[in-house]
Amino acid sequence: MKAVILAGGKGTRLAPYTKILPKPLMPVGEMPILEVIVRQLARAGVGEIVLTVGHLAELLRAFFGDGSHFGLKIRYSYEDQPLGTAGPLALVDGLNETFLVMNGDVLTDLNIRDLIRYHREMGASATIAMHQRKVKIDLGVILCDGGTRVVGYIEKPTYDYQVSMGVYVFEPRVLDFIPRGKYLDFPNLVHKLLGEGEKVVGYLFDGYWQDLGRPDDYEQATVDFNNLREKFLPEMME
């Protein structure tokens, strides 16, 4: 099994730290978040990882090398210009079997083997790992009839959404929908797949998941990793 990890973004929401350090090298505990991901993928049986890199790529390559230290192979795919979240996949060679795609800043105890098994059982072109997330609106929400007439008023409501975890399983044919060298984000790719009748499914995961995109999320993930390390890297607790 091959995995592509998207590690080329500038991480602007975590500036100024990411001015000198790529976001995947931001530490949780004593190791970078991307090292946690790499170790988890190795445990799940992934034999090769492709890091799509751009911003401060030389630091990522210096840290991870060829992957032998982690028990797998790591190679690198370079973006000369920003290509979005899905666009970099078109530059990666050798994705001729079912493959995994992950953001390089996700802390989760998702069982990768279960996710891949589900994808194959569903016979999908693409599977999106999902997490239930509550979003509280700290304002009064006004409902209108399409114009200016008020038909309802909800004080500080909480909404439930199923959000993408930044973890995907794809079949190689998905690459046919990604133009080489063109900017493309995952939502646009999903719309393309749906428009062509491809089967896209969601895998609802109710365990731990935290995206490290914002400073408060990053701080929470660091606390959780230190307190719940056995959930993420049980082999290092033995």
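Buried means under 20% relative accessible area, exposed means over 50%, and partly exposed is whatever falls in between. Keep that handy; the model you're looking at is a predicted one.

**Exercise 1. Work out where Lys156 sits, whether it is buried, exposed or partly exposed, and what its phi looks like.**

Step 1: find the spot. Lys156 is in the loop between β10 (150-155) and β11.
Step 2: check accessibility. Its relative accessibility is 42%, so Lys156 counts as partly exposed.
Step 3: look at the backbone. Phi of Lys156 is positive, about 45°, although the residue is not a glycine. For context, most residues other than glycine have a negative phi.

**Exercise 2. Say which residues of helix α3 are buried, and which side of the helix they take.**

Step 1: list them. In α3 (residues 112-122), the buried ones are Ile112, Leu115, Ile116 and His119.
Step 2: get the geometry. These residues cover an arc of only 95° around the axis, so they end up on the same side of α3.
Step 3: see what lies over them. The cover includes α1 (33-43), β6 (99-103), β8 (126-136), β11 (158-170) and β12 (200-204).
Step 4: inspect the two ends. At the start of α3, a side-chain oxygen of Asn111 comes to within 3.0 Å of the backbone nitrogen of Arg113. After the helix comes Gly123, with a positive phi near 60°.

**Exercise 3. Classify two aromatic pairs, Tyr168 with Phe170 and Tyr208 with Phe232.**

Step 1: start with the total. The structure holds 10 aromatic pairs.
Step 2: take Tyr168 and Phe170. Their centres are 5.8 Å apart with 20° between the planes, and this pair is stacked. Both residues are buried: Tyr168 has a relative accessible area of 7%, and Phe170 has 2%.
Step 3: take Tyr208 and Phe232. Here the ring centres are 5.1 Å apart and the planes are at 75°, so this pair is edge-to-face. The pair links distant parts of the chain, 24 residues apart: Tyr208 is in the loop between β12 and β13 (209-211), and Phe232 is in helix α6 (residues 229-232). Tyr208 and Phe232 are buried too.
Step 4: look for a cluster. Phe99, Tyr168, Phe170 and Phe186 form one.

**Exercise 4. Describe the largest nonpolar core, then the other core that lies apart from it.**

Step 1: size it up. The largest core has 47 residues, and Leu41, Ile49 and Phe64 have the most contacts inside it. Its largest share, six residues, comes from α1.
Step 2: zoom in on Ile49. Its contacts, not counting residues up to four places away in sequence, are Ala3, Ile5, Val38, Leu41, Leu72, Lys73, Ile74 and Arg75.
Step 3: Another core, of 22 residues, lies apart from the largest one, and among its members are Val4, Val92, Val101 and Ala126.

Conventions. Residues numbered from 1 in each chain as written. Predicted model: local features only at pLDDT ≥ 70, side-chain atom pairs only at ≥ 80, totals over all residues. Heavy atoms only, no water. Buried < 20%, exposed > 50% of the residue type's maximum accessible area, 1.4 Å probe, protein only. Helix = DSSP H or I, 4+ residues; strand = E, 2+ residues; numbered from the N terminus. Arc of directions from axis to C-beta. Contact = heavy atoms within 4.5 Å. Polar contact = N/O pair within 3.5 Å; in protein donor to acceptor, adjacent residues only side chain to side chain. Phe/Tyr/Trp six-rings, centres within 6.5 Å; stacked < 30°, edge-to-face > 60°. Core = buried A, V, L, I, M, F, W, Y, C linked by side-chain atoms within 4.5 Å.
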